[in-house]
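Please keep the 3D view open while going through the points.

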Amino acid sequence: MTEFVTSPYLVPFDGGFRVADAPTRVAGDGLSKRDAKHAIRDIVKALRPLQRRLYAQDSQALLLVFQAMDAAGKDSTIRAVMSGIDPSGCQVHSFKRPSSRELDHDFLWRTSCALPERGRIGIFNRSYYEELLVVRVHPAILDHQRLPHRPDPDALWAQRYESIRDHEKHLARNGTRIVKFWLNVSRDEQRSRFISRIDDPEKNWKFEAGDVRERGYWSDYMAAYERALNETSRPHAPWYAIPADSKADMRVIVAKIVHDTLADMSPDFPELDPETQRELAAFREQLIND
């Protein structure tokens, strides 16, 4: 089975990332669906005890952020990677168009309300990064954001990059490990998946006309992703640009990164103090003699 090395997909921290150089397919033949299924099963099996210890320790959290063009496979990747994980220790949030209530707050508010609690894994299917992607490509959206002061565009984006960097640094300082995935699907593969949604009656519900219209802004989106990833990939909150033309390969790479990140956090079961241990021993004796 192909051995994947995750480091080539890490977006560097020096601003040198280029979308044009980021592969949409892994090198070589990649994995068969069968091998990928077995690989995911093995990784999830290894994830379970790490998640249990994270939950029991109740002092750290893991936040996974997924961003991508439509049809890149965010939903299915989240399902595949988190299958078999205890749902009580995992929180998934999908962010669509902001509501009126959300627009009454700053752009980080709605995601801040959904951050994972200590001991849990939080997953953002889209996130505050939409402000640097969709809104940047369609700046007319800003007209509806009720901003008290609206600087010129360059200054506005610079402020939002800074706000996100500060936000993620604050989270990291307070025990939340952040890992961000850009699922890098090619324009040709996206077209094939859209056609599949149209041709397959069981996938018709996934198709939205607006997704096709957004294809006309592909180059603008790629420029926005390149800038956002360069501005916000940091050691405490790294971005990974994951080849997404093969969903099987993509899921294994993401799963491996999640596992390795959680292992690096070194969660462990709480160690009881001597007094508590003596109390447990007394309770055990009481129960034996009950």
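1. Overall layout. This is a predicted model. The protein has 11 helices and 5 strands. Along the principal axes, its C-alpha atoms fill a box of roughly 75 × 50 × 40 Å. Of the 290 residues in the protein, 46% are buried.

2. Strand β3 and its cover. The cut-off behind the word is a relative accessible area under 20%.

3. Partners of β3. Which strands pair with β3? Strand β1, residues 61-68, runs parallel to β3 and is joined to it by 5 bridges. Within this pairing, Phe-66 has Asn-125 of β3 as its bridge partner. Strand β2, residues 90-94, also pairs with β3 in the parallel sense, over 5 bridges. Here Val-92 stands opposite Ile-123.

4. Asp-58 is found in the loop between α1 (33-57) and β1. Its phi is near 60°, which is a positive value in a residue other than glycine. Is Asp-58 buried or partly exposed? Asp-58 counts as partly exposed because its relative accessible area is 44%.

5. Loop between α5 and α6. Arg-146 is placed in the loop that links α5 (134-137) and α6 (153-173). Arg-146 is not a glycine, yet its phi is positive, at about 55°. The relative accessible area of Arg-146 is 46%, so this residue is partly exposed.

6. Asp-86 sits in the loop between α2 (74-82) and β2. With 37% relative accessibility, Asp-86 is partly exposed. What separates the C-alpha atoms of Asp-86 and Arg-52? The two residues are 34 apart along the chain, and their C-alpha atoms are separated by 8.0 Å.

7. Salt bridges. The count comes to 17 salt bridges. One of them joins Asp-143 and Arg-150, whose closest N and O atoms are 2.7 Å apart. Asp-143 counts as exposed because its relative accessibility is 54%, and the cut-off for that class is over 50%. Arg-150, at 43%, falls in the partly exposed class.

8. Salt bridges within helices. Arg-227 forms a salt bridge with Glu-231, with 2.9 Å between the closest N and O atoms. Why are Arg-227 and Glu-231 separated by about one helical turn? They are 4 residues apart in helix α9 (residues 218-232), so about one turn lies between them. Arg-227 is partly exposed, at 37% relative accessibility. In helix α7, Arg-193 and Glu-189 are likewise 4 residues apart, about one turn of the helix. Their closest N and O atoms are 2.9 Å apart in a salt bridge. Arg-193 and Glu-189 are both buried.

9. Positive patch. Which residues gather in a patch of positive charge on the surface? They are Lys-33, Arg-79, Lys-203, Lys-206 and Lys-247. One of these, Lys-203, lies in the loop between α7 (187-199) and α8 (209-215). Lys-203 is partly exposed because its relative accessibility is 31%.

10. Nonpolar patch. The surface also has a nonpolar patch formed by Leu-272, Leu-280 and Phe-283. Together these three residues have about 290 Å² of accessible area. Phe-283 is part of helix α11, which takes in residues 274-288.

Notes
Residues are numbered from 1 along each chain as its sequence is written. This is a predicted model: local features need pLDDT of at least 70, side-chain atom pairs count only at pLDDT 80 or more; totals for chains, interfaces and linings use all residues. Side-chain values use heavy atoms; hydrogens and water are left out. Patches are made of residues with over 30% relative accessible area and no salt bridge: like charges are joined within 9 Å, nonpolar side chains (Val, Leu, Ile, Met, Phe, Trp, Tyr) within 5 Å. Accessible areas come from the Shrake-Rupley method with a 1.4 Å probe; for residues, only the protein chains shown count as cover. A salt bridge is a side-chain nitrogen of Lys or Arg within 4 Å of a carboxyl oxygen of Asp or Glu. Lys and Arg count as positive and Asp and Glu as negative; His and the chain ends are not counted. The place of a charge is taken as NZ of Lys, CZ of Arg, CG of Asp or CD of Glu. Helices (H or I, at least four residues) and strands (E, at least two) are DSSP runs, numbered from the N terminus. Buried means under 20% relative accessible area, exposed over 50%, partly exposed in between (1.4 Å probe, protein chains only). Two strands pair if DSSP finds at least two bridges between them.
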